[in-house]
Amino acid sequence: MHLRSPAIVCAARSHGETGVILRVLTEEHGLVAAYVAGGRGRSLRPVLMPGNLVEAELRARPGSQLPSARVELVASRGPWLGEPLPAAAIGWATTLAAAALPERQPFPALYQALSALLDAVCHAPSARGWLPGMTAFEALLLRELGYGEVPRGGDGDWAAQLAAFDVLGPLVARYPLADRRGDVMAARAMLRERLGRIA
């Protein structure tokens with residue numbers, strides 16, 4: 001396997017002394033895991049933050065289970081990761097993609113939706129501008145994974161947006177995250193708690 005593609009960083013986990021196991025979402029190849037040598041170093045650590053858009057080059061040697069990756073930063077979400085609410089939104093969206101999507105199965109609509117959602121989180125003046133996009137992303141993920149059509153609603157006032165977000169929570173926990181909901185749903189709970197502080 002050899003591919004080069006724009007990709008959204010969904011998760012990065014330390015491996016060994018200096019390496020990182022990276023999970024990125026690409027439009028044509030879906031969610032792909034790869035090893036990044038030196039990923040914990042000073043120059044690569046800011047590149048591998050969840051939500052960042054990167055240009056990823058992945059190569060797998062014959063007999064190797066995990067491809068190696070080289071990544072170049074295209075767009076950073078770093079400035080928004082210092083703000084509690086945008087950081088929670090970026091964290092939840094990327095964590096959900098990393099946990100729920102099967103490896104190497106393309107979901108172009110989900111890639112495009114996640115890219116648009118991350119842009120909205122970073123550029124909308126408030127959560128009221130991106131929360132409908134978050135519920136739309138969750139509903140699309142459920143539909144793309146075969147769990148049926150989910151009425152998303154929530155385009156009205158703030159209370160309606162929160163209610164629509166609350167309706168989707170149990171469905172996401174029950175279906176795509178059924179065997180690993182604890183840790184993953186904690187990211188959603190943090191986002192919901194921060195959204196609840198908005199008057």
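Of the contacts in the protein (heavy atoms within 4.5 Å) with a separation of 6 or more, 63% are accounted for by residues 24 or more positions apart. The structure is a predicted model, in which local features need pLDDT of at least 70 and side-chain atom pairs count only at pLDDT 80 or more, while totals for chains, interfaces and linings use all residues. Residues are numbered from 1 along each chain as its sequence is written, and side-chain values use heavy atoms, with hydrogens and water left out.

The protein contains five helices and five strands, taken as DSSP runs numbered from the N terminus, with at least four residues (H or I) for a helix and at least two (E) for a strand. Along the sequence these elements follow the pattern β-β-β-β-β-α-α-α-α-α.

Strand β2 (residues 19-26) is largely enclosed by the rest of the structure, because seven of its eight residues are buried, that is, under 20% relative accessible area with a 1.4 Å probe and protein chains only; across the protein, 44% of the 199 residues count as buried. Strands are treated as paired if DSSP finds at least two bridges between them. Strand β1 (residues 2-15) runs antiparallel to β2 and is joined to it by eight bridges, with Leu25 of β2 as the bridge partner of Ile8. These two strands form a hairpin with three residues between them, and Gly16 in the turn has a positive phi of about 70°.

Methods
Buried means under 20% relative accessible area, exposed over 50%, partly exposed in between (1.4 Å probe, protein chains only).
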